[in-house]
Structures are given as C-alpha cells and as structure tokens.
Amino acid sequence: MTEQADMSTCGQHGNPDVPDVFPALKNDTFLRAARGEATSYVPVWCMRQAGRYLPEFRMKRAGQDFFETCRNPAACCELTLQPLRRFDLDAAIIFSDILVVPQALGMDAEMIPGKGPTFKQPLEEPSHLQRLLSPHAARSALFYVHDALRLTRHQLDGLVPLIGFAGAPWTLMCYMVEGGGSTTMSRAKRWLYQYPEESHNLLKILTDTVVEYLVDQVSAGAQALQLFESHAGCLGPSLFMEFALPCLKDVARRVQNGLRQADLPAVPMIVFAKDGHFSLQELSQAGYDVVGVDWTVRPELARELTGGKITLQGNLDPCALYAPKEVLEKKVNKMVSEFGTQRYIANLGHGIYPDAPPEGLGTFVDAVHAISRSLNACTN
Ligand SMILES: Cc1c2[nH]c(c1CCC(=O)O)Cc1[nH]c(c(CCC(=O)O)c1C)Cc1[nH]c(c(CCC(=O)O)c1C)Cc1[nH]c(c(CCC(=O)O)c1C)C2
C-alpha cells in the first residue's frame, strides 16, 4: 500500500452528504505500471468490462433506457463494480459513455435497440454548430458523471484504482456529424475536406469541453484517465496528424495543467487510438503516460515505434476469449512475453464483445497474473 487516504475534495458539484476523503488504495499495481514503475506482476483490466457479456449486467439494464442509466449514479456504481466481484481485475472503469459529452453540448441522443446510439439532429452543415451549447454549459450538465465517480470511488473502498474516460474530440465529432455509428465515417470525413476551418472550430469546442470534463472527473475521484480515439483508423496518417493528434496533445497538456491549477493530484493518462498503428510513434510523444494498442499490432513493433520508454496497454484479440482455455492461455503467454512484464498493462485490443463467455475473461485475467509472476521470478 503506497497511497494514504486521499484528500481530494468533492469539487464544485460535490454532494455535501458524501464525505470528501476517499479510502486508501490497496492495490496500486495498475497505477505503478502506468507511471513506468516496477511491478511484481502485470496488471490487467478490460475495455468495456462493465458490459452486456455479464448476465448480471443484462439483468440490471433490462427495461432501463441506456442514457437514463448513465444519469443514475447508483446504477453506474453497481454496473462498475459487477465485473470486480467476478474477476481479479487491477482497475475499475466508471460505467458511462463517450456520448454524454455531445449530449451535454445540447444534442439529443437515444439508444435504438439493434442500431446503437443515434442523434436525432446530427450536424449536417457548419451553420448547425450554432445549435451547440458552450463548453461551460456542458461542464455543469455533466455533474451526474462526477456524482457516479465519487460514489463509486467510495464503494470501491480502495480495492483498485478507478479510471475515468472521455471520447477524443475526433471520435466525438464522428458521432455528432454521422448521427450514429458508421463503417466509413464518410460524412464526418467530408467535413474535414469540405469545411476544414469549421471542423477545427468543432474540434476546438470538443477539446475545451473534454479538458474541463476530465479535470472534474479527477476532482470527483478518478485516479487515471483514458481517451478513446475509437475512429482513428478511418483517418489514415495525414488526416490524423492534421485533425486528431493536435487535439489529443492539447487534451493531455491542458488536463495536467488544469489539475495543477486546481491543486489536484497528477494522474496517469492513457490514449487508445483504435486502428491507429500509423500514429504510435507520435502518440508516444503526445503527453500521455500510456499508449493503448489494438490487436493488429505486433507487441515488438509497438515497443519499437514507441521507443521502449512508455507504458503500453493491450492487445489481445477480443475474439481470443472464444478459444478453449489452453489456447487462450498460450495466446496470453505469447502476448505477455512479447510486451515484457514491465511498463505494461494487459488488456484486450478493443472492448469485450457482448457474446464473450465470462469464463474467458476470467481465464485471461488469471493467466496474465500467473504468467507475468513466473516470468518475473525467472528474471530476478
Ligand atoms: C455497455 C455499453 C456502453 N455503451 C454502450 C453499451 C451497450 C448498450 C447497453 O448496454 O444497452 C452503447 C454504445 N456506445 C457507443 C457504441 C458504439 C456505436 C457505434 O459506433 O456503432 C455503443 C454500442 C459509443 C462508444 N462508447 C464508448 C466508446 C469507446 C470505446 C469503443 O471504441 O468501444 C464508443 C465508440 C465508451 C464506453 N461505453 C461504455 C463504457 C463503459 C465502461 C466500460 O468500459 O466498462 C465505455 C468505456 C458503456
């Protein structure tokens, strides 16, 4: 145990009924690895670990509107804790969604079963930017996420660190322009080619909003932050460097400054650019402590591109959870051996799929721990 009871305060939307001193952290392995410190085993968590693959998640969510659930701190807390009751995970991630940010900027979203999240009035042309509320207004609309973080940090009772997150500006712009998911993101990319200046304006609004949102998350109890750039792949290198990377750099720098100014602790920041293999070198110099890697990248190449100096996170193919136990264990062995046991956080290469067998995740987590402990024992 290295961290004493944390004196972080409730922040500007703090609930006066909840005491503002958080319980001491009992397992800091994830934070140590994120900060590049030595660990006796490889910590592991799983993107979308609070999700539909768990029967208890489906039970709790049954009949409830998705975004109503996001606005209910007690429900978010329960859903965040569910996977920790089953698996020996080294971190929790708050149950929420990246789309709460566009909502807070005034865009109405609903979750349509079988289709996914959908905005009723997407941004079709630059004049629609006038519909958006200010980053300042968005900041106060997001109080419910901070209430969920605060409650969950207390309920975790120091078991493992709590991760907060946000969508990266480009990924949020994709949903706001497309109105929902898309395989090509061609409407959003059309903006980059046809309206580059207005695209930069939109990305700036999103960057400003995300920076304040993440600082507030730390104020509410988040002990690490992850940026999801889920739609990096469709950009390719040149659009990524022009439109997405500058925002990611701004977010990292301004969040750490914001934390200093607010007298809040510095927290490790993770960037995960899905299908962004072409950007790994730049991402390793973008101001983040950890770079996430999807399963299409060889661990040795990821180490080489990132100069061996940064913590990497990833990257088991989520479909490997369907494999028989022995095959899955072999895959984990290969992955951990190739990344190495230091400066490494094991994870899937993207979120767990809704039809993944829960016992597969258990095998994955236990194998990461056992294999990394034995590899460490060999080298000591
Ligand atoms: C469980 C869940 C979530 N969002 C959605 C679901 C499924 C819907 C349901 O349960 O009813 C809809 C939900 N929300 C979104 C989608 C994808 C839509 C699409 O692109 O088609 C869906 C189905 C948008 C979204 N939402 C998120 C991302 C980034 C990660 C990624 O790339 O997968 C994205 C792109 C982040 C997210 N979303 C969620 C978390 C929870 C915390 C955890 O990891 O356990 C997180 C981190 C929660």
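The crossing of H4 and H7 is right-handed, meaning that the near helix is turned clockwise from the far one by less than a right angle. This is a predicted model, in which local features need pLDDT of at least 70 and side-chain atom pairs count only at pLDDT 80 or more, while totals for chains, interfaces and linings use all residues. Residues are numbered from 1 along each chain as its sequence is written.

Select residues 73-86 for helix H4 and residues 143-156 for helix H7, whose axes come within 8 Å and cross at roughly 50° (helices are DSSP runs of H or I of at least four residues, and strands are E runs of at least two, numbered from the N terminus; axes are lines fitted to C-alpha atoms, for helices over the stretch in contact, with angles from 0 to 180 degrees between N-to-C directions).

Next, show the contact itself, to which H4 gives Pro73, Ala74, Cys76, Cys77, Thr80 and Leu81, and H7 gives Tyr144, Asp147, Ala148, Leu151, Thr152 and Gln155 (contact requires C-beta atoms, placed from the backbone, within 7 Å).

Then turn to the open sheet, where seven strands run in the order E1-E4-E5-E6-E7-E8-E9 with parallel pairing (two strands pair if DSSP finds at least two bridges between them). Its edge strands, each pairing on one side only, are E1 (92-93) and E9 (344-348).

Definitions and conventions. Two residues are in contact if their C-beta atoms, placed from the backbone, lie within 7 Å.
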